[in-house]
Amino acid sequence: MTQTNQPLTERKAWKALGEHYGKVRTLHLRDLFAEDAKRGERLSAQGAGLYLDYSKNRITDETVKLLVQLAEEAGLRGRTGAMFNGEKINITEGRAVLHVALRAPKGATIMVDGENVVPKVHAVLDKMADLANRVRSGAWKGFTGKPIRNVINIGIGGSDLGPVMAYEALKHYSDRRLTFRFVSNVDGIDFVEATRDLDPTETLFVVSSKTFTTLETMTNAQSARAWLVSALGGDQKAVGRHFVAVSTNAEKVSQFGIDTANMFGFWDWVGGRYSMDSAIGLSTMLAIGPENFLAMLDGFHQMDEHFRTTPFERNLPVLLGLLSVWYNDFFGAQTVAVLPYEQYLKRFPAYLQQLTMESNGKHVTLDGNVVDYDTGPVYWGEPGTNGQHSFYQLIHQGTRLIPCDFIAFGQALAPLGRHHDILLANVFAQAEALAFGKTSAEVKAEGTADWLVPHRVFEGNRPSNMILADRLTPGALGKLVALYEHSVFTQGVIWQIDSFDQWGVELGKVLAQRIIPELESASEPKLSHDSSTNNLIRFYRKMKGSPLV
């Protein structure tokens, strides 16, 4: 599928937004709120149990109208339908993009190449639930007859970031009798530290690799295999009781020693960074149980339906996506800070980094033309209130405009005295301070010495969104992830890029395969890289004591 629409910068709404920006860029949020007593209530939206206050953005009603018009001119509704209908919108790989099928309810129909994929999705979910129930109940025994007490997920990218984020986010609901660890980095320290205090006879590895050839994952898996077999007297039969696979390569899985009955598949229409609700989430299901996992899928689905059916001006993912375009392309903001005021969401910003930047870090359009506008802002963040005592200084008084997404919950999962009230007071206060700041007159009125006044002035006019939910449940996590998935999609449609390929991760991996034997060679290799890389290889070989010319 090739997009034939006119170039983005030639669209009527884009040009109108450029003119509009010239009129509103100097408006201050202080004045916008002063002129509209109901602004904080009016510029808000609800959907699928989430509440979005977007009133503290540098926008007017006209801005929203023009952004919605831009989405309409981009064909967002049609592109959304194409995705949900299984059309191959990932054009560079010729694939459908159907993470929404992973959370479709039983009885739904989503066709890919003439086949309804929903029954297959639920067949895998049922198989996952069977394994999870056996492991959690103690019915699954290790090679020596002991029940499993430890689960280690081995993967990288979407096969790690999603599961580890979900485990941390939903730890409140996890079975605390089980220990969960996650290994992704090919740095041996990652594996050694994950296993150093564990009993191999009570440990189950979940190896997640679609092809079962991913370099980092399979290097770690081979080390895990050696660790286990060595501890169990060298008996290779032990592997089948301590390893399961999330993969589609039955031959490689079997060669590794894993019974293919314990292989959990997924499909080429599932991108890695969109896969945490597929079999890649097996470790999540092992931790929180099938019932909670299905509740998470229902949360995903509720947000899917909100995105698919709600008018743009009240559509949460669309509003977030359009605001990101507004700041990225008109204000020149290069980053977005995601700031969850919920300790369980401490890995959520890291998860979003892959979701957003691997999706929209593209420099050519669907038609292969180089873009002449910015795409893909940098997403980053830490949980509040920790960030307030580090990088918030730059957000408040620095020279860069950094739009912020605050995330908070009305109910604490671990109520403790005044803690939650203080936490929520902080998140509301930070959004207020960013928006309205503190004028020199206000600083002077406090009796501050004239020379100190400039240092204590807060310009304000720093935009933010506030996303609220009742409490962090499995369903709420699904809604939050889907919210950002569809926001990313919205941005990609506006920018006319393919949000679902990731060719940028390939080149370095290919070159690494060439360099590995040059580092490991027993004799001095003949090098043909650039002079810097050649020198670094020789220097490393000298450091490790390898032969040199």
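Trainee: Which residues lie nearest the centre of the largest pocket?

Mentor: They are Thr214, Gln502, Val505, Glu506 and Lys509, out of 39 lining residues. A pocket is an open set of 1 Å grid points where a 1.4 Å probe fits, with protein on both sides within 12 Å along at least five of seven lines; lining residues have an atom within 4 Å of a point. This is a predicted model, where local features need pLDDT of at least 70 and side-chain atom pairs 80 or more, while lining totals use all residues. Numbering starts from 1 along each chain, and side-chain values use heavy atoms, without hydrogens or water.

Trainee: How much space lies in the largest pocket?

Mentor: About 1000 Å³. Its lining has 13 nonpolar, 17 polar and 9 charged residues.

Trainee: And what volume has the second largest pocket?

Mentor: About 390 Å³. It is lined by 15 residues, and Glu342, Gln343, Ala414, His419 and Leu423 are the closest to its centre. That lining divides into 8 nonpolar, 6 polar and 1 charged.

Trainee: Switching to strands: what is their order in the open sheet?

Mentor: The 5 strands go β6-β5-β7-β8-β9, with parallel pairing (at least two DSSP bridges between two strands). At the edges, β6 (179–183) and β9 (263–264) each pair on one side only.

Trainee: How many bridges join β7 to β8?

Mentor: There are 4, between residues 203–208 and 243–246. Val206 has Val244 of β8 as its bridge partner.

Key:
Grid points are joined across faces, edges and corners, and a volume is the space filled by probe spheres set on the points. Ala, Val, Leu, Ile, Met, Phe, Trp, Tyr, Cys and Pro count as nonpolar, Asp, Glu, Lys and Arg as charged, and the others, Gly among them, as polar.
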